[in-house]
Amino acid sequence: MQDDSAHTARRALETQLPDVHRRVSAIDVRKGVATVVLAPPEDAGGTDEAGVRTAVEAALLGVAGIERVRVIVESERQSAPAARRSEPAPFKPPAPVIIAVGSGKGGVGKSTIAANLAGACVRQGLRTGLVDADVFGPSAPRLFGLTDAPGLRKTDAGIEPLRAHGVKLVSTGFLVGEREPVVWRGPMVTGAIRQFLTEVNWDGGDGPLDVLIIDMPPGTGDAQLAIAQGVPISGAVIVSTPQTVALDDARKAMALFERTEIPVLGMIENMSFFLCPHCGEGSEIFGRGGARAEAGQMGIPFLGEIPLHPSLRVASDEGRLVALEDGPLAGAFERAASAMLETARTANRPAPEIVFED
Ligand SMILES: Nc1ncnc2c1ncn2[C@@H]1O[C@H](COP(=O)(O)OP(=O)(O)OP(=O)(O)O)[C@@H](O)[C@H]1O
């Protein structure tokens, strides 16, 4: 629950930092964590944003009930890309291969698949990061067994990711309690995602990431746009179950990615068939193969099928990744991850050369 400290925090900024207060578009305080969303500065190059953050933190840590402060600066508006074109790249991309995992509807297992694809990448010896961009329902804390983990810290090097099962990860779930629904407005979603893509210290002294997986939120395209504009993304993987209704939604998800010029790398079918934990036999309860056929029709690669298996749900609830354990599920994730990486690497084209006319 939002508490009264939000009101006190707003008053503190109004009296102590009136210039900053004018830029505040939202303040939220929950469980001692204050989240302040600031509109982009009017004078983009001339404002000491690091100084602003420090000042906001100092002002709000003086408010009773606030123990931690997060400052999110909203992304620049539409005019920004044109202005940015002639400037040097504002930051180093977090990884050479960046893959968004999306789905058309909730509950098809997108987050479970994203987490285990990350696990399969670790198993292949790749330095792997995961951004849980599903700000509406972050599930990384549960999937990685980090529900009691301390929140994200920010150092001079950036936001420090948490680590579990060899994966470095960030999630809004590490900013608020897991059971609390987060109410984000459009700009907050894009602001949070941009911050996760541009301000995380992925390297952390043990080398840059080889691959970054983004667990996408469902929605209207805000997140897709933030990602398309924020990082050189390799492409998107769509997760669907085989039923027609899920496939209809998967088609819409693909259209959203394509509208923001994120190439769709392929489709993974989850819950393809029921793999009996007792006899090991498969039953095609949802009509296996629907996603494979759909991918064929859309002209995109089919990257693999993951069976419905009780142990996957149990492992997910216990914060384990089956991709890192032994068994048929690990093999399925390994094959899907290999196909995904192969497609992503071939999709990664060199940046276009910019020619300056005299
Ligand atoms: N192949 C599978 N076998 C068994 N259980 C699965 C499988 N895939 C996912 N699940 C379970 O289904 C539930 C939904 O999965 P998950 O949270 O990953 O879905 P999602 O598409 O990310 O949903 P949402 O968008 O609502 O977060 C979880 O309880 C998960 O453990």
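1. Leaving aside its neighbours within four places in sequence, which residues is Ile99 in contact with? There are eight names to find in the structure above: Ile213, Ile214, Ser234, Gly235, Val237, Leu265, Met340 and Ala344. Please keep in mind as you look around that this is a predicted model. Ile99 is found in strand β4, and it counts as buried because it has 25 C-beta neighbours inside 10 Å, where 20 or more are needed. Take Ile214 from the list of contacts: 115 residues separate Ile99 from Ile214 in sequence, yet their C-alpha atoms are 6.1 Å apart in space.

2. Now step back to the whole chain. It has 358 residues, and buried ones make up 46% of them. You can count 12 helices and 14 strands. If you take the contacts between residues at least 6 apart in sequence, 78% of them join residues at least 24 apart.

3. Let's return to strand β4, which covers residues 97-103. How many of its residues are buried? The count is 7 of 7, and the strand is mostly covered. Both faces are covered: one side carries Val97, Ile99, Val101 and Ser103, the other Ile98, Ala100 and Gly102, and all of these are buried.

4. Which strands does β4 pair with? One partner is β10 (residues 211-215), in the parallel sense, over 5 bridges. Within this pairing, Ile98 has Leu212 of β10 as its bridge partner. Another partner is β11 (residues 235-240), again parallel and over 5 bridges.

5. β1 and β2 run antiparallel and are joined by 6 bridges, with Ile27 opposite Val36 in β2. β2 (residues 33-38) and β3 run parallel, also joined by 6 bridges; in this pairing Thr35 has Arg70 of β3 as its bridge partner.

6. Next, find the ligand. How many residues surround it? There are 19, and the closest are Gly106, Gly109, Lys110, Ser111 and Thr112. By class, this shell holds 6 nonpolar, 11 polar and 2 charged residues. Elements that each supply at least two residues to it are α5 (110-123), β12 (264-275), β14 (302-308) and α11 (310-318).

7. For a helix pair, look at α9 (residues 244-259) and α10 (residues 290-298). Their axes come within 10 Å and cross at roughly 35°, and the crossing is right-handed. Where they meet, α9 brings Thr244, Leu247, Ala250 and Met254, while α10 brings Gly290, Ala291, Glu294 and Met298. By class, this contact has 5 nonpolar, 2 polar and 1 charged residues.

8. Finally, two backbone details. Most residues other than glycine have a negative phi. His165, which is not a glycine, has a positive phi of about 50°, and Glu261, not a glycine either, has a positive phi of about 60°. Are these two residues buried or exposed? His165, in the loop between β8 (162-164) and β9 (167-171), counts as buried because it has 21 C-beta neighbours inside 10 Å. Glu261, in the loop between α9 and β12, is exposed, with 11 other C-beta atoms within 10 Å.

Definitions and conventions
Residues numbered from 1 in each chain as written. Predicted model: local features only at pLDDT ≥ 70, side-chain atom pairs only at ≥ 80, totals over all residues. Pairing = 2+ DSSP bridges. Helix = DSSP H or I, 4+ residues; strand = E, 2+ residues; numbered from the N terminus. Near = placed C-beta within 6 Å. Nonpolar A, V, L, I, M, F, W, Y, C, P; charged D, E, K, R; others polar. Axes fitted to C-alpha atoms, helices over the stretch in contact; angles between N-to-C directions. Left-handed = near helix turned anticlockwise from the far one by under 90°. Contact = placed C-beta atoms within 7 Å. Buried ≥ 20, exposed ≤ 12 C-beta atoms within 10 Å, placed from the backbone.
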